[in-house]
Amino acid sequence: MSRPRPGPAPKSRRVVRWIMTNPQHLAAADAAELKEIRTACPHLDAAARHVHDFAEMLHDLRGNQLPDWMERVLADDLPALHSLVSGLRRDFDAVTAGLSTPWSSGQVEGHVTHVELIKRMGYGRANLDLLRQRILLGP
């Protein structure tokens with residue numbers, strides 16, 4: 001008697017979405033499939049574990065745990081995450097502060113993006129005076 005053929009493997013984007021989603025918000029079928037994939041691939045399991053730990057550190061503002069997290073990542077054979085750790089080390093103090101404080105620059109970034117959009121809409125047709133007027137008087 002032959003075994004039933006497994007279904008097609010999920011696309012990598014879907015697996016990444018499952019890993020990046022809070023496990024409590026995953027559908028039962030997706031959680032089961034992710035568990036099966038993580039069991040079959042130890043490297044993906046380690047990467048998912050590190051991503052989850054980093055997300056918890058970010059959510060709970062525990063920047064003091066960053067050095068330990070970085071050491072755990074470097075202990076595994078995950079070159080892409082090793083590159084991330086190298087980048088984090090370059091500006092360690094800023095990253096630690098970002099993981100430790102509740103402050104966010106999201107609102108400022110939103111305004112900058114809006115100004116850039118207005119600027120691009122008038123590119124080649126408008127001068128600085130019109131841009132200033134649209135930003136200061138616009139909605």
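Trp69 is buried, at 2% relative accessibility (buried is under 20% relative accessible area, exposed over 50%, partly exposed in between, with a 1.4 Å probe and protein chains only). The model is predicted, so local features need pLDDT of at least 70 and side-chain atom pairs pLDDT 80 or more, while totals for chains, interfaces and linings use all residues. Residues are numbered from 1 along each chain as its sequence is written, and side-chain values use heavy atoms, without hydrogens and water.

**Aromatic pair**
- One aromatic pair turns up in a search of the whole structure (ring centres of Phe, Tyr or Trp, the last by its six-membered ring, within 6.5 Å; planes under 30 degrees apart are stacked, over 60 edge-to-face, the rest tilted).
- The pair is Phe54 and Trp69, which is tilted because the planes stand at 55 degrees, with centres 4.9 Å apart.
- Phe54 belongs to helix H3 (residues 42–59) and Trp69 to helix H4 (residues 66–75), so the pair ties together parts 15 residues apart in sequence.
- Phe54 is partly exposed, at 23% relative accessibility.

**Fold and extent**
- The protein has eight helices and zero strands (DSSP runs numbered from the N terminus: H or I of at least four residues, E of at least two).
- With a radius of gyration of 22 Å, well over the 14 Å of the globule rule for 139 residues, the protein is more spread out than a compact globule (C-alpha atoms; the rule is 2.2 Å times the number of residues to the power 0.38).
- Along the principal axes, the C-alpha atoms fill a box of roughly 75 × 40 × 25 Å.

**Burial**
- Of the 139 residues, 18% count as buried.
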